[in-house]
Amino acid sequence: MRYTKEERLEIGRKVDEGIMTRYEAAEDYGISDDTARDYMRMYRDSNSLPPKSSGNNTGCYVHDSSERPLDISDYESMTKEELILELIKARVAEARLKKGYEVKGDGQTKEYILLDSSNTK
């Protein structure tokens with residue numbers, strides 16, 4: 001069945017806001033789950049929303065620490081979950097600095113950088 005752009009955006013909104021999963025939307029509207037995901041992406045693009053991250057995250061946008069430093073207006077616009085993630089990342093970075101190293105990159109490109117070659121103990 002063909003849907004109008006407005007209907008597609010409405011289906012995408014329901015999937016994005018968690019009203020229904022993409023599998024439920026596929027069953028209810030007679031579309032594939034990939035099409036329901038595409039409608040969600042279309043909804044997010046049309047409303048200039050950041051993409052949802054994949055993986056084991058909470059599904060919210062995660063700030064990449066390699067980007068510019070955050071200022072107060074960035075924190076004011078974050079949700080509670082995003083603020084908690086930023087706090088955790090800051091505490092991990094602080095603990096690493098106390099141990100004398102920092103981490104650049106992620107996954108297979110992760111690089112450990114020693115800050116000082118002398119023993120800190």
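Me: Before we start, what should I know about the numbering and the cut-offs?
Reply: Residues are numbered from 1 along each chain as its sequence is written. As this is a predicted model, local features need pLDDT of at least 70 and side-chain atom pairs count only at pLDDT 80 or more, while totals for chains, interfaces and linings use all residues; side-chain values use heavy atoms, with hydrogens and water left out.

Me: How many helices and strands does the protein chain have?
Reply: Helices (H or I, at least four residues) and strands (E, at least two) are DSSP runs, numbered from the N terminus. Here the protein chain has five helices and two strands, and from the N terminus on they run α-α-α-α-α-β-β.

Me: What share of the protein chain counts as buried?
Reply: Buried means under 20% relative accessible area, exposed over 50%, and partly exposed in between (1.4 Å probe, protein chains only). Of the 121 residues in the protein chain, 19% count as buried.

Me: Which residues make up the largest nonpolar core?
Reply: A nonpolar core is a set of buried Ala, Val, Leu, Ile, Met, Phe, Trp, Tyr and Cys residues joined through side-chain atoms within 4.5 Å. The largest one has 10 residues: Tyr-3, Ile-11, Val-15, Met-20, Ala-25, Ala-26, Ile-31, Ala-36, Tyr-39 and Met-40. Helices α1 (5-16), α2 (22-29) and α3 (33-46) each supply at least two of its residues, and α3 gives the largest share, three residues.

Me: Now charges. How many salt bridges does the structure hold?
Reply: Side chains of opposite charge can pair when their charged atoms come close. The cut-off: a side-chain nitrogen of Lys or Arg within 4 Å of a carboxyl oxygen of Asp or Glu. The structure holds seven salt bridges. In one of them, the side chains of Arg-13 and Glu-17 meet at 2.8 Å, N to O, and Glu-10, Arg-13 and Glu-17 are linked in a network of salt bridges.

Me: Which parts of the chain does the Asp-16 and Arg-44 pair link?
Reply: Asp-16 forms a salt bridge with Arg-44, the closest N and O atoms being 2.3 Å apart. The pair links distant parts of the chain, with Asp-16 in helix α1 and Arg-44 in helix α3, 28 residues apart. Asp-16 counts as buried because its relative accessibility is 11%, and Arg-44 is buried too, at 10%.

Me: How are Lys-98 and Glu-94 placed in helix α5?
Reply: Lys-98 forms a salt bridge with Glu-94, with the closest N and O atoms 3.8 Å apart. They are four residues apart in helix α5 (residues 80-99), so about one helical turn separates them. Lys-98 is exposed, with a relative accessible area of 64%, while Glu-94 is partly exposed at 43%.
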